[in-house]
Every structure is written in C-alpha cells, then in structure tokens.
Amino acid sequence: ELNHYIEKMTGLRLPVITDASRPIKGYKILIGESKLTRALGLKNSDFQPQQYLIRTYGNILVLMGYDEPEYGLIDYKGNGLWPGFTSYYDWSLKPEISRKIGSVYAVDTFLQRFCGVRWYMPGELGEVVPKKDSLTVKDIDLKLKPWTTFRKIGPTGFLNYFNFVGSGKKLVRMDARDINLWLMRMKLVGIEAYNANHSLVPVWFEKRFPGNKKILARGYEHPTQLNLMSPELLKIVVKDADDYFAGKTNYERSYGDYFCVVPHDNS
C-alpha cells in the first residue's frame, strides 16, 4: 500500500526487504513488527487492537500497529483484498471477529497526514495523489486509535458515479475492488465484529422450537416475523441473553459487550 502510492507520487518504487535480508544502512521505513522494531522496543503485543503508531527515529520511519498474521499482498487488479481476507458481510451468518490490520491503518494515515493523499470516494475519480519530487518527514510521534471500536457503513454496494438513482440511466454498481480498497483506507476493514440489526431471525427460532406457533407472527411471507407480543418469546430471548453473557451460548447474532434485540426485515 505504501509503495503503491509512493510510486504514484514520485515515480519511484522502494526496495522491499525482510528480516531474512542482510542489514542495510541509510534510510529505512519499518512496517509492522520486525527485528529492527524490536530493537527499538516496539512489539506487536504491546499495541491494543486497532491501535497503530507513526514515529521517526533519526533516519528511520516506523509504521506499525496491532496486526494479526496476514501476509497476503493487496490485490489492486482483483478484488482489492488478499487471499483469505474478506470484508463481505453475510446477513444470514453471525458476526466473526475481523482480523486486525493496524499497520495498514498506520500506512494510510501516514499517506493522508504527511503526503497529502486523499480518498474522497471509491475509485480513481475520488482519489487525490499529489506529484512530488521527494518526500521528507521528521520529528513525528503519533500513537493513534480509531475513535470508536465498532464502526460500519452500509449497504456497501455503492452505485457508479454517473449511474445513480435519479440519473435517468441504468443503475450500475461500483467495482468491488474500488469499494474494498476504499473501505480499508477509511478503516472500515479490520474492525470488531458486531451486530446491530436482524438479530431475531425467525428461521433460527423455528429450527430451535419446531411446531411452536405461539412465538411466530402471522404473515404471508416465509420466514415470517416473530410474535413480539408473546410472553413465551420474551422468556426465550431473556434466557438467551443470560446464557450469552454467561458465555454459554449465542443463539442470536450478538457480539462484544451487548446483546442485540432487533426484529428481522420482511413484509
């Protein structure tokens, strides 16, 4: 990600080395934990989830944060994400913990604050990358964390710039790659899993309590709504909440420090 934009700004691509490479002298940018960051007293385990650091040490710039083992390359020609990683949310599933990518947060914040890169909208039309002959930074010491643990916008199927509702044209969705990369740069990838909607899924209750019509509302669609006036349903959901906070079960789609109670969408 850093090299992607340094090349766009300056036309130059920096050589990439790892711990396995022989030591080099001169200017270095350290991304993520390495032997060199540990020598500076910086370890991945010392960061809180989603926390990240931008700091200079003489001729060294450190960009790192709390990372989980994610070693894939960002796919700028494919879907924008690396193999095995997705930000797609399937409403039929329960939330899963997002893998943390704090060092990517550090890189993108550095590009914004110190290089003038902007991402106003997904895709190249929304991107501003100033041309530079050189990049110089010094005396930086920032340890940051997003303002809230839980954050998400949706739906993420953004419409194309010129084929939007009211344009009189056929509606066209933006490219998934552009959306995924933009969500990552807005720090909406790598967040804590959570659920604030669709927690009371009727089909799940039907599977758990087959034949119990009292907890189901009447409707002409399947799945129908739950009967929110049912004392029996209330007892079930309260018991589920107790079990969730006791660490026993998670029948609904709760995650984190709360138990969400929101009906499912239907007619």
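Guide: Contact here means heavy atoms within 4.5 Å. The model is predicted.

Visitor: Leaving aside neighbours within four places in sequence, which residues is T109 in contact with?
Guide: T109 sits in helix α3, residues 102-115. Neighbours within four places in sequence are set aside. That leaves contacts to Y52, I54, F114, L144 and K187.

Visitor: Is T109 buried or exposed?
Guide: Buried means under 20% relative accessible area. The relative accessible area of T109 is 3%, so T109 is buried.

Visitor: What is the length of the polar contact that joins the side chains of T109 and Y52?
Guide: Y52 is among the residues in contact with T109. Their side chains are joined by a polar contact of 3.1 Å.

Visitor: How many of the 10 residues of helix α4 are buried?
Guide: Helix α4 spans residues 176-185 and is mostly covered. I179, N180, L181, W182, L183, M184 and R185 are buried. They pack against α1, α3, β4 and β5.

Visitor: Which residue caps the N-terminal end of α4?
Guide: Look at the backbone nitrogen of R177. A side-chain oxygen lies 2.8 Å from that nitrogen. The oxygen belongs to D175.

Visitor: Which residue with a positive phi follows α4?
Guide: The phi is near 60°. This residue is also one of the contacts of T109. The residue is K187.

Terms used: Residues are numbered from 1 along each chain as its sequence is written. This is a predicted model: local features need pLDDT of at least 70, side-chain atom pairs count only at pLDDT 80 or more; totals for chains, interfaces and linings use all residues. Side-chain values use heavy atoms; hydrogens and water are left out. Helices (H or I, at least four residues) and strands (E, at least two) are DSSP runs, numbered from the N terminus. Buried means under 20% relative accessible area, exposed over 50%, partly exposed in between (1.4 Å probe, protein chains only). A polar contact is a pair of N or O atoms within 3.5 Å; within protein, one must be able to donate a hydrogen and the other to accept it, and residues adjacent in sequence count only if both atoms are side-chain atoms.
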